[in-house]
Amino acid sequence: MAGPDADTAADTPALFYGGSCRLPTEMGEFRLHGFRDATGREHAALTVGAIDDGQPVLTRLHSECLTGDTLYSLKCDCGPQLQAAQQAIATEGRGVLLYLRQEGRGIGLVDKIRAYALQDAGADTVEANRRLGLPDDARDYRVAAEMLKILGVCSVRLLTNNPAKMQALSDLGVAVTERLPLRAGENPHNSNYLLTKALRMGHWLGAAEEA
């Protein structure tokens with residue numbers, strides 16, 4: 001199955017759909033779908049149930065985080081959010097989780113490590129990126145929107161605390177019918193990080209951003 005139609009190829013990254021397989025997990029059984037974009041980066045989607053029936057689908061856009069997802073770092077909330085989203089979709093019995101290869105909010109692993117070193121010296125996550133000449137958030141959700149379209153999803157109930165994700169999907173033609181908060185993994189090591197996301201990046205994190 002090829003990527004977008006010729007009419008839309010100029011507006012979205014060329015995306016190759018590589019097929020799917022059954023994926024049993026501790027949280028339930030999923031379908032694992034593979035994609036490759038025009039840059040050669042490979043992305044994945046986990047799905048449960050019928051998601052191409054035109055009804056809003058419980059959806060999570062998760063950007064790759066080696067340190068949090070795989071190495072169990074306490075510096076962020078990424079790993080617990082990934083697990084919580086996967087569990088929520090399994091419990092719902094219908095949904096999609098996109099795993100996007102956008103490490104470090106899009107700056108890559110090496111620059112993320114450099115930013116972490118600056119954070120160890122006292123900078124917050126926004127200051128660290130800016131000192132390195134990097135954007136606060138370099139993620140691009142065009143691939144995510146195209147993945148959803150290939151999977152037959154046209155409207156979503158989005159699991160997120162990030163208003164930028166909602167706006168990006170809406171701008172790309174994916175209707176966001178509901179926003180569901182995703183609170184998980186808060187601990188003393190990431191409290192300042194989460195507060196910075198709320199105060200400087202506009203994330204919805206409950207009482208912190210309402211104060």
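The legends below describe close-up views of a cavity and a pocket in a predicted model. Residues are numbered from 1 along each chain as its sequence is written, and side-chain values use heavy atoms, without hydrogens or water. Local features need pLDDT of at least 70 and side-chain atom pairs count only at pLDDT 80 or more, whereas totals for chains, interfaces and linings use all residues.

View 1. The whole structure holds one cavity of 30 Å³ or more (on a 1 Å grid over the protein atoms alone, a set of points where a 1.4 Å probe fits but cannot get out). The lining comprises 28 residues, and Cys-78, Arg-105, Arg-139, Tyr-193 and Lys-197 are the closest to the centre (lining residues have an atom within 4 Å of a point).

**View 2. Elements around the largest cavity.** Strand 4 (57-63), helix 2 (78-92), helix 3 (109-120), helix 4 (125-131) and helix 7 (191-201) each give two or more residues to the lining (DSSP runs numbered from the N terminus: helices are H or I, at least four residues, and strands E, at least two). Helix 3 gives the most, with four residues.

**View 3. The largest pocket.** About 200 Å³ of space lies in the largest pocket (an open set of points with protein on both sides within 12 Å along at least five of seven lines). Of its 15 lining residues, Gln-119, Ala-123, His-189, Asn-192 and Tyr-193 lie nearest the centre. Helix 3 and helix 7 each give two or more residues to this lining, and helix 7 gives the most, with four.

Conventions:
Points joined across faces, edges and corners; volume = space filled by probe spheres on them.
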